[in-house]
Amino acid sequence: MSFIFSTHPLHPAAEAMLQAAGDLRVASAPDPETLLREGRGAGIIVVRAPIPPAFFEDAPALRAAIRHGAGLDMVPMEAATRAGVLVANVPAVNASTVAEHVILVTLALLRRFRQMDRELRQDGWAAGRVQSDAAVDLGGRTMGIVGMGNVGKAIFKIAKFGFGLQVVATSRSPESVPEGARFLSIDELVALADIVVLCCPLTPETTGLLNAGRIGRMKPAAILVNVSRGLVVDDAALIQALRDGRIGGAALDVFATQPLPLDHPYFGFANVIVTPHLAGLTEESMMRMGTGAASEALRVIKGDLPVNLRNPEVVEHYRRRFPA
């Protein structure tokens, strides 16, 4: 029976699928040392936490690392490929969930929801209503989307057709920008947009993409929404801009260090919404991601390749390790 290891608990439907096919074990904690110790001997790992490269060393039974979701930055691709291990993901299944979160936090910032709620509870009805003096509509504004993958396209649809926003976008593939959005360079986008949304993958090119210079080009009332990865933003530059009142606010779901320490400066700003990396997590999206990952695991157990194989160059090496 295959030993299937997961870094985190999965949706019950996904766990049932895997338990029927093998010995499913869930890590007691997602830190590297625990994963290395408890995952030794696994045939498949379901990935919801960063995997240390050493996991792929001396792992003769390991067939596949399957990402519970789309982002591959949690999987050391070179180490996996070098070891002859298949890497797969589950793209697109939580794109609409992330897009809904982007609209939620954007509206909360523009309508000053945090401040209103605080003042209402502390000082009463009239104090809460005063916050509306500085609230603004979402309609009629310009949203700049950085990254036009599945998430970017889902945000575009809601922004353009749900709220009538003007949408500008930048992407490493200009042809991926849909009709109805205007392609701009990143420097043009940050200067024009009222709402800058980061939903690009973390790559060497996007690390530090929103640096001090680009934050400095943003409009004084513009807001930043980050649902990509924390390292896409220069934290020191953003914190300084917030302290100086040079941008309107930020909604941050991802951070360079996770969990975010409770004494982090981001928690000290009334115009910053901090969420614990949950933009893509709901009951429905967890089921879609979990059963999607489980389906890929079952394919590998049966001897097939994953549908969403992300390192196809590994197949020859993998077939030598596990002959049909």
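This is a predicted model: local features need pLDDT of at least 70, side-chain atom pairs count only at pLDDT 80 or more; totals for chains, interfaces and linings use all residues.
Residues are numbered from 1 along each chain as its sequence is written. Local features need pLDDT of at least 70, side-chain atom pairs count only at pLDDT 80 or more, totals for chains, interfaces and linings use all residues, and side-chain values use heavy atoms, with hydrogens and water left out.

Start with helix 11, residues 283-301. Helices here are DSSP runs (H or I, at least four residues), and strands are runs of E (at least two), numbered from the N terminus. Helix 11 has 19 residues and reaches 27 Å from its first C-alpha to its last. That is close to the 27 Å expected at 1.5 Å a residue; the expected span is 1.5 Å times one less than the number of residues.

Now bring in helix 1, residues 12-21. Its axis comes within 8 Å of the axis of helix 11, and the two cross at roughly 15°. Axes are lines fitted to C-alpha atoms, for helices over the stretch in contact, and angles run from 0 to 180 degrees between N-to-C directions. The crossing angle makes helix 1 roughly parallel to helix 11 (under 35 degrees). The crossing is left-handed: the near helix is turned anticlockwise from the far one by less than a right angle.

Which residues meet? From helix 1 come Ala-13, Ala-14, Met-17, Leu-18 and Ala-21. Their partners in helix 11 include Gly-290, Ala-294 and Leu-298. Contact means heavy atoms within 4.5 Å. The residues of this contact divide into nine nonpolar, three polar and no charged. Ala, Val, Leu, Ile, Met, Phe, Trp, Tyr, Cys and Pro count as nonpolar, Asp, Glu, Lys and Arg as charged, and the others, Gly among them, as polar.

Helix 11 also has buried residues, among them Met-286, Met-289, Glu-296 and Val-300. Buried means under 20% relative accessible area, exposed over 50%, partly exposed in between (1.4 Å probe, protein chains only). Their cover includes helix 1, strand 3 (44-47), helix 4 (95-110) and helix 12 (315-321). Just after helix 11, Gly-303 takes a positive phi of about 100°.

Turn to helix 4. Twelve of its 16 residues are buried, so helix 4 is largely enclosed by the rest of the structure. His-101, Val-102 and Leu-109 are among the buried ones. Just after helix 4, Arg-112 takes a positive phi of about 55°.

Finish at Pro-201, in the loop between strand 9 (195-198) and helix 9 (212-217). Pro-201 is partly exposed, with a relative accessible area of 42%. Leaving aside neighbours within four places in sequence, Pro-201 contacts Arg-172 and Thr-206.

Definitions and conventions
Angles under 35 degrees count as roughly parallel, over 145 as roughly antiparallel, 65 to 115 as roughly perpendicular and the rest as oblique.
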